[in-house]
Amino acid sequence: MKREIRVRTEYSIAAAFGLFILLALFLKWPVGQDMARNFYEFSLRMILLVPGIFILIGILDVWVPKEAIQKHIGEDSGVKGMLYVVLLAFFQGGPLYVAFPVAHLLWKKGCSVRNIFVYIGSFSALKVPMVMFEISFLGWRFSLLRAAVSLPVFLLVAEFMARFVRRRGFAMSRM
Amino acid sequence: MGKDNYILIAVALVVLISTIADRSKTWEGVKRGASMLRNLLPQFLLLIVLVSVFLGLISRDTLAHLLGQESGALGVLIAAGLGSVALIPGPVAFPLAGMLLERGVPYAVLAVFVTTLMMVGVVTFPVEREYLGTQTALLRNLLSLAGALFVGMVMGALL
């Protein structure tokens, strides 16, 4: 229900904008003409790129065996386990708050404290579906560099978090 | 636009290879992608409308002043604040960043915006607290904010 209301509001705003633009074009109001030009340019680019990227993400989603990866993140999985956690995060979609339930699931399956935070950190540093959008709209150089810089930074944050939390005797709630 | 063509060629290649490997799996993937797109469609539309209005009202000079090269630390702080508070899905956020890039917003500012958007969650803090506890969640967000600012600084220096 809540989503329906939100979607209706979003469409209403878009419709109001459409009417405003028509009026502005009719009256040759410069600010409105400017907005119309922006709208035309932006939507053209989006229509060209966005559906293709979503198809790419969908196909990726089908081919990457996430369940199989999850199986390899046992208690004493060491560096290999960490790599798998990073890999798992890379192919996971969705916003940050989706990462917490998954992290909780990993915790219940015996994932180490450090790997929990490695998961959360790499989840936001580099996600393949998001990288496709990033490359399309911000370019290769930006995306590669941001991934290369932010991954070590957030692995460091994960290490720090793990130490902080171990000292205090960590237990993820919502057990 | 050459860059856009490469993306489309890549999509076509992946679809082709995937179809050769497994036709029904490919179709399943296309359907998944389509349903993701359908779910986000109103938000895409709203984004284009809001950005068109915003950039129509704000002159290039004002934008450059707030977020551009000469804004310095102010631009980075605005980007960090917006990125921490906003709840924009990545597929919508990157086109937004791309539009700002075309208007001359520097890479460092965009990197901070994009990274805080993904790492720091003010609005989602209540959810995070339930899983991690208040102190841990607070520390994680603060460290992530610092990390994002660092990433922005490095990228600003390199790009």
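Me: What makes helix H6 and helix H8 of chain A contributors to the lining of the largest cavity?
Reply: In this predicted model, each of them supplies at least two residues of that lining. H6 runs 113-125 and H8 runs 140-167. The largest share, four residues, comes from H8(A).

Me: How do you know which residues line the largest cavity?
Reply: A lining residue needs an atom within 4 Å of a grid point of the cavity. Phe117(A), Ile120(A), Gly121(A), Phe154(A), Val157(A), Ala158(A), Met161(A), Met119(B) and Arg140(B) are listed as its lining, so they pass that cut-off.

Me: Why is one residue of this lining classed as polar?
Reply: The lining divides into seven nonpolar, one polar and one charged. Gly counts as polar under the class rule, so Gly121(A) takes that place. Arg counts as charged, so Arg140(B) takes the other.

Me: What makes up the lining of the second largest pocket?
Reply: The pocket, about 640 Å³ in volume, is lined by 24 residues. Leu47(B), Ala86(B), Ile88(B), Leu96(B) and Phe113(B) lie nearest its centre. H2(B) gives the most, with six residues. Helix H1 (2-27) of chain A supplies at least two. By class, the lining has 21 nonpolar, one polar and two charged residues.

Me: Why is the meeting of Asp61(A) and Arg32(B) called a salt bridge?
Reply: The rule asks for a Lys or Arg side-chain nitrogen within 4 Å of an Asp or Glu carboxyl oxygen. Here the N to O distance is 2.8 Å. That is inside the cut-off, so the name holds. The interface of chain B and chain A has two salt bridges by this rule. Residue pairs in polar contact number seven, with both residues at pLDDT 80 or more.

Me: Which helix gives the largest share of the side of chain B that touches chain A?
Reply: H2(B) does, with 26 residues. That side divides into 48 nonpolar, 16 polar and 11 charged.

Me: How much area do chain B and chain A bury between them?
Reply: About 6,800 Å², 77% of it on carbon and sulfur atoms. In chain B, Phe94(B), Met118(B) and Tyr131(B) lose the most area to chain A, together 11% of what that side buries. The contact takes 75 residues from chain B and 67 residues from chain A.

Key
Residues numbered from 1 in each chain as written. Chains lettered and ligands numbered in written order. Predicted model: local features only at pLDDT ≥ 70, side-chain atom pairs only at ≥ 80, totals over all residues. Heavy atoms only, no water. Contact = heavy atoms within 4.5 Å. Buried area = accessible area lost by both parts, 1.4 Å probe. Polar contact = N/O pair within 3.5 Å; in protein donor to acceptor, adjacent residues only side chain to side chain. 1 Å grid on protein atoms, 1.4 Å probe; cavity = no way out; pocket = protein on both sides within 12 Å on 5 of 7 lines; lining within 4 Å. Points joined across faces, edges and corners; volume = space filled by probe spheres on them.
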